[in-house]
Amino acid sequence: MDEELAICKKVLPFYSTRHHLIPVLQELQSKIGYLPEKVIVEVSRHLRVPASDVYAVASFYDQFRLQPLGRKRIAVCRGTACHVRGAPQILKRIEAMTNLKEGETSPDLEYTLETVGCIGCCALAPCVRVNKEVFGEMSPERVAELFDVFGEEDGNA
Amino acid sequence: MERIDLLLDGKQVTARSGMTILEVALENKVYVPHLCHHPELKPAGVCRLCYVELEGKGPVLSCRTPAEAGMVIKTRSPLVDEIRSGLVELLIADRHDDCPSCAKKGRCELQKIMGYLRVNKKKARRLRFAEGALEPDTSNPFFNLDPNKCVLCGRCVRTCSELLRINAIAIIGRGYRSKVAPLGAKPIAQSSCESCGECVERCPVGGLVYKEYKRPEKHVLTVCPYCSSGCRLTLGLQKTEIVSAQGERLCARGRFGWRYIYAPDRITAPLARTEGRLVEVSWEDAIRLAATHFARYRGEEIAVVVSAKCTNEEAYLFQKFARSVLKTNNIDNTARLSHAASLEALWEATGIGAATNSLEELEDAACILMVGANTARTHPAAARKVKEAAEKGSRLIIVDPVENDFRRFAHLWLKPYPGTDVALLMGIAGVIVEEGLLDLGFVEERCENFEELRGSLADFPLGRVERLTGVPREMVAEAADVFARSKPAAVLWSTGVTQYLHGKDTVCALINLALLTGNVGSSSAGLHPLLEQSNAQGACDMGCLPGFYPGYQPVAGEGVREKFEAAWKTELNPEPGLAFTELWDAILDGRIKALYLVGANPLTELPGGYRVLESLERLEFLVFQDLFLNETAGHAHLVLPAAGFAEKDGTYTTADRRVQRLRKVIEPAGRSLPDGEIIRRIAAAMGATGFDFANPAGVMEEIASLVPGYGGIGYEKLAEGALVWPAGTAVLHKQAFHRLTSKAKLFPLDYQGPEERPDVEFPLVLVTRRNAPYYGTCAHKVDGFRKLAPGEYLEVSFKDAGDLGLGDGEEVKVISRQGGLRVAVKVTEDPPPGVVVLNYNLSQDPGKALMRREMRACAVRIERFL
Ligand code: SF4
Ligand code: SF4
Ligand code: SF4
Ligand code: FES
């Protein structure tokens, strides 16, 4: 059997009603990393909740991911400080470079593009975080440099 | 119901308790703006436009506030108008400022509200307008979903869940980004949406709109020509063209299926074979040709098969023609391939070959046993009722080797190996008898053969049942317990039962279960064969059966032939005839030489083992009558063009015995004629009397005089609505069964097993399944259905795919003892290991090529392409 369905088989028996929908989605996401469609269908089948409803709930909350995470999670800060210092332009630039929209992951699972509230380093605004590393005082030009760095890393890896 | 008085805009009005303020206002013709309210849906309170001012309380949402005695309500006031205007301006800013270019213009409820509030669009523009247009979903061939025009009222979502229980769509996402979409936010055509259009009917604005909309100028009430639920269909006409179909709840076939009437490849003129080619001839020549050829054969040498989509009047005329003019009982109808076994078994057991109860009653069944029925695909209307009942607490026991959309509603799901249902059902009956769960009083008073049945139950100990069916014995016992203890219990079945070689035995086993538990003769219980074609019941009622005259009066029965000889003033053949499925051997050994096919396509409808192709080539004279040419037509000597359901008058009988009027709405295409008119002309050319009816109403008069159940049915009464036969009886057999002994018959049964068992060479069992609700009648002639049909694929379990090394999407060869085909594999969790499921849609089942005589299952092996 497929790995994700095997995880469902292990997790689902501990949940039984519609009230368990959120906890069950949380547990499955923590084990799988995101909520693929077949997992949603499995949850729907097990809890007897229509799949479209499970999907609606999962899409409502920010905490749930409907797509897998890329190896590099790029988070553009849209806190107030970053916003006024040009976060929207930076986001646009990254969207253009990665061909991704906010919330999406590239098909090769390389990048995931997100926006976040405040990262907490407003002094360095505008900021971009890649995985755990924060890059401050960004500009659309410096974004390109950011990608050069990744490219090299990739080449070395 | 309690009546209450209140003051509405200064006028005294009376309401029933339980109504909301909005309902009271609308009933009294006082308009209150609203978008999310719809009379058939539960109040949602999301659009917030329906505020009214309640004295002493201020603004309240009228759609969620129950009316109370003494309330003083103002539907307009500066305060509520201000609230509404603000909300409407926001909606306009949200892409509703260009009504003239909207597909809903003139019919839009938001436009109406703008007028009512005199909203100033220019003023609305001070608000920041939504950025950029969103991508409309145009994937469905019949309608578009345009998020730009959607006001998120949720009516569509609630229609799909509350009213239909299909739950294809939801409002996904949050806040500014929320929209209506199916699972995975995919295009709607790739979702579980069944394209019924009910959501489109209820969308107040331009969010959901039909692709080709024409406003109907007048409406005619008729019946849907697809399944035997017989939904009432209101066809909308613009001049002489059908432009729409509406009904209480229609499925895709009801809503859009009529379009086949306008398919460009209708046969529009009679065709006769000359020098190997079919060429157009006049009706006079065609009729003469049919008459002279038919006259050449003795009764035994000729056979007639009519479609179960013919009207009652036509079916009656066809069998009268076969019997009184051709002198043969070789008359059958196409329901032979689906449900004739059901009706014959019911006749044997109860004396009436029909469902014992109406589907309406399912709502109050405590238990529903549903066997071999892909109901959501084949009988959407019945599926809805079963789901509603299950939600109300009815315990649903499903017997089917493969899971389907009902899994979320099922209490128990038993998955026997294909073709082993008899063993399973006898096992359940065994437990019921052994544990004393039976209704002893009912069995003793109203049934015969109990001791014989009890004797044969001894052959089905649970150990053997488990071995034969693969269903764990505890589950068999639990099913018995639930079924016997929940009264009333209803039993439903469909072609997953009857299209097996021993399908009649399975029907008998189901009848046993219902009788043993006393579930026949009372409401919300009973036996329900879910017949496929629109008039399957009627075609059988009318005697298009080789062993029965109209009304299930047996050909060999005492005094029956004499009765019809007297009525029809002619001599009749005393020998029962051959069934549709028995013709082919008879043609091959030369006993049958001529065949008259009306709306039948045996070449694709019968499994390979019948050698239909060889038989057709052997025929001396084949008359083919239909709306479209098909594979079988290629072998015809004479082709007669028939009119479609909207081009003729008549009646259809639903699976629950409701007789309803089919009405002529438009003229027949080209030179085509109604089946009834064609047979009338052939009979006249053969010099026969008794066919000179002025209209179908006249035929019904003769039917009513000769068919006991149809006594009292006439067009005048039918004009007011459906009539249930016999004599308006919804629940049959309340006091007595309609057999000589007044008792019902229980059936002792042996286990015969499926035709084919897997072995080393063919280790897997293949079953077929329709995976889309677009099939039957002429569904394959509707463009949109062809586009929606998801194509064929073979579902293989993870285990089997692993063993065989098959990948998802891989094309493989499927080989049976009878034939082979090429198909793509889909690896899923659904089929039990050892079973593969061939999914198909539209009208043709490709699996028929693999089968011998069993129509739904065979043993196969899978080979990979190298
Ligand atoms: S067309 Fe029917 S099935 Fe599809 S979303 Fe609308 S209501 Fe649901
Ligand atoms: S598509 Fe129509 S019915 Fe559905 S939420 Fe939008 S406006 Fe309402
Ligand atoms: S096909 Fe059956 S369920 Fe669908 S509209 Fe027609 S009669 Fe009703
Ligand atoms: S109609 Fe009352 S809130 Fe929409």
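This is a predicted model: local features need pLDDT of at least 70, side-chain atom pairs count only at pLDDT 80 or more; totals for chains, interfaces and linings use all residues.
A salt bridge here is a side-chain nitrogen of Lys or Arg within 4 Å of a carboxyl oxygen of Asp or Glu.

Let's start with how chain B is divided up. Its domain assignment gives domain 1 (3-126), domain 2 (130-262), domain 3 (283-336 + 536-724), domain 4 (340-529) and domain 5 (764-864). Look at domain 4 and domain 5 of chain B, whose C-alpha centres are separated by 27 Å. Where they meet, 16 residues of domain 4 are in contact with 17 residues of domain 5. Together the two bury about 1,500 Å², with 58% of that on carbon and sulfur atoms. On the domain 4 side, R377(B), V402(B) and Q499(B) supply 38% of the area buried against domain 5, more than any other three residues.

Polar contacts between domain 4 and domain 5 come to seven residue pairs, both partners at pLDDT 80 or more. As for secondary structure, α11 (375-378) and α18 (495-498) of chain B each give at least two residues to the domain 4 side, and α11(B) has the largest share, with three residues. By class, that side has six nonpolar, seven polar and three charged residues.

Now bring in chain A, which is assigned domain 1 (3-60) and domain 2 (72-149). The C-alpha centres of these two domains of chain A are 31 Å apart. The contact between the chains takes 23 residues from chain B and 22 residues from chain A, and it buries about 1,800 Å², 52% of it on carbon and sulfur atoms. Across this interface the rule finds six salt bridges. Strand β7 (residues 169-172) of chain B gives the most to the chain B side, with four residues. That side of chain B has eleven nonpolar, four polar and eight charged residues.

Last stop: ligand 2. It is surrounded by 13 residues, the closest being C150(B), C153(B), G154(B), C156(B) and C203(B). The shell divides into ten nonpolar, two polar and one charged residue, with Cys counting as nonpolar in this scheme.

Definitions and conventions
Residues are numbered from 1 along each chain as its sequence is written. Chains are lettered from A and ligands numbered from 1 in the order in which they are written. Side-chain values use heavy atoms; hydrogens and water are left out. A residue is near a molecule or strand if one of its heavy atoms lies within 4 Å of it. Domain bounds come from an automatic or database domain assignment. Contact means heavy atoms within 4.5 Å. Buried area is the accessible area (1.4 Å probe) that two parts lose on being put together, summed over both. A polar contact is a pair of N or O atoms within 3.5 Å; within protein, one must be able to donate a hydrogen and the other to accept it, and residues adjacent in sequence count only if both atoms are side-chain atoms.
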